[in-house]
Amino acid sequence: METKWLEDFISLVETNNFSRSAALRHVTQPAFSRRIQSLENWLGTDLIDRTSYPTRLTPAGVVFYEQALEMLSKINGARELLRSKRAAAQTSIDLAVPHTLSLTFVPKWLTGLEQDFAPIRSRLMALNVHDAVLQLVEGGCDLLLCYHHPRQPVQLDPGRYDMLVLGRESLRAYARCDKNKVPEFTLPGTKRAPLPFLSYTNNAYLGRMVELILNDAKTPLHLEPHYETDMAEGLKMMALEGRGVAFLPESAVTRELKQKQLARADGDTSDWEIEMEIRLYRERASAQRRGKPIVDRLWEFLEMRQNGGRKKPRTPVSER
């Protein structure tokens, strides 16, 4: 059993609505429903009465709700107890980062910080976007680094969380180069000869970005799915094998483009691409979560660097 199943179930009980709970948990409704079903399968009994609407619990669900609250409280309590006893906890920065950024952006970013700020002791958790956000919300990390697009936003309360934009990233189509150093596949393809498509799974953030590209395309794309995974690195490796076209973050293919192993499959146009922000979030200090001095110093440094060396004025809590 996974802790997030308990959190999903508790959220569903509180909202009585699958769609609303899925949105609150930053996951699609089908994925949310599958996780509730996984919990029921693990328990060996139905928790939700699916013969009625609105959503209501079965007798077993009513009993399990109280147990779930107690279990989650004990788990979180144990975690906080152990974290408070870590000797290095106050001098180490815990980062929650989606897989792609952990491989492309973070290494160079940390290297630059150590040159300009100070040596940093860090612990990185590479997760999907949903679980990375949960780490921040639940106090499991100090900083969240993630992609952001206004049509697929990370919905964090600006009154509770600080945010900085660290950069931008373009998502485009790439394919393997042939012996003449040109892409083996070129968009848009045709109905008679659709291009082999290396795609993300439905619950992947970059997959949703690709959906936006396809839906907004002025010229329809003709793609035939051949392979699916939730990781950009997995799609890149398949593209390098010549298995099809993959939409990849620009930072993930820098070396392959330079070495002429991959090339843009979109004819160097902007018709089939999308730009995302790379954002950094932290929770503001409170009586419940005071935060770490090292994180405060780093955040102040990043703010000053973005403001040309000027310290950013603090907005009074009453005006936030």
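This is a predicted model: local features need pLDDT of at least 70, side-chain atom pairs count only at pLDDT 80 or more; totals for chains, interfaces and linings use all residues.

**Labels and the values behind them**

Q: What makes the phi of Asn 16 worth a remark?
A: Phi of Asn 16 is near 55°, a positive value, and the residue is something other than glycine. Most residues other than glycine have a negative phi. Asn 16 sits in the loop between H1 and helix H2 (18-24).

Q: Why does Asn 16 count as partly exposed?
A: Its relative accessibility is 41%. Buried needs under 20% and exposed needs over 50%, with partly exposed in between. At 41%, Asn 16 therefore counts as partly exposed.

Q: What about Asp 268, buried or exposed?
A: Asp 268 has a relative accessible area of 60%. The cut-off for exposed is over 50%, so Asp 268 is exposed. Its place is in the loop between strand S10 (262-264) and S11, and phi of Asp 268 is positive too, near 60°.

Q: How do you know that the length of H1 agrees with its residue count?
A: At 1.5 Å a residue, the 13 residues of H1 should span 18 Å, and the end C-alpha atoms are 19 Å apart, so the two agree.

Q: Why is H1 called mostly covered?
A: Of its 13 residues, 11 are buried, buried being under 20% relative accessible area. Among them are Lys 4, Trp 5, Glu 7, Asp 8, Phe 9 and Leu 12.

Q: What makes H1 roughly perpendicular to H3?
A: Helix H1 (residues 3-15) and helix H3 (residues 29-43) pack at an angle of about 110°, their axes 9 Å apart. Roughly perpendicular covers 65 to 115 degrees, so H1 and H3 get that label. The crossing is left-handed. On the H1 side the contact is made by Lys 4, Trp 5, Asp 8, Phe 9 and Leu 12; on the H3 side it is Phe 32, Arg 35, Ile 36, Ser 38, Leu 39 and Trp 42. By class, that contact has seven nonpolar, one polar and three charged residues.

Q: Why is Glu 40 called buried?
A: Glu 40 has a relative accessible area of 5%. The cut-off is under 20%, so Glu 40 is buried. Glu 40 is in helix H3 and, leaving aside neighbours within four places in sequence, is in contact with Thr 45, Asp 46, Leu 47, Ile 48 and Arg 50.

Q: Which parts of the chain do the buried residues of H11 pack against?
A: They pack against strand S3 (92-98), helix H6 (106-116), strand S5 (143-148), strand S6 (161-176) and strand S11 (274-283). The buried residues themselves are Ile 294, Val 295, Leu 298, Trp 299, Phe 301, Leu 302 and Glu 303.

Q: Why does Glu 303 make that buried list?
A: Glu 303 has a relative accessible area of 5%, and under 20% is what buried takes, so Glu 303 qualifies.

Q: What makes H6 and H11 roughly perpendicular?
A: Their axes cross at roughly 90° and come within 12 Å. That angle falls in the 65 to 115 range, so the two are roughly perpendicular. Trp 109, Leu 113 and Asp 116 in H6 meet Leu 298, Phe 301, Leu 302 and Arg 305 in H11. The contact has five nonpolar, no polar and two charged residues.

Q: How do you know that Tyr 147 is buried?
A: Tyr 147 has a relative accessible area of 2%. Anything under 20% counts, so Tyr 147 is buried. Tyr 147 is in strand S5, and the residues Tyr 147 touches, not counting those up to four places away in sequence, include Thr 100, Glu 169, Tyr 205, Pro 249 and Met 276.

Methods: Residues are numbered from 1 along each chain as its sequence is written. Side-chain values use heavy atoms; hydrogens and water are left out. Buried means under 20% relative accessible area, exposed over 50%, partly exposed in between (1.4 Å probe, protein chains only). Helices (H or I, at least four residues) and strands (E, at least two) are DSSP runs, numbered from the N terminus. Contact means heavy atoms within 4.5 Å. Axes are lines fitted to C-alpha atoms, for helices over the stretch in contact, and angles run from 0 to 180 degrees between N-to-C directions. Angles under 35 degrees count as roughly parallel, over 145 as roughly antiparallel, 65 to 115 as roughly perpendicular and the rest as oblique. A crossing is left-handed if the near helix is turned anticlockwise from the far one by less than a right angle, and right-handed if clockwise. Ala, Val, Leu, Ile, Met, Phe, Trp, Tyr, Cys and Pro count as nonpolar, Asp, Glu, Lys and Arg as charged, and the others, Gly among them, as polar. The expected span of a helix is 1.5 Å times one less than its number of residues.
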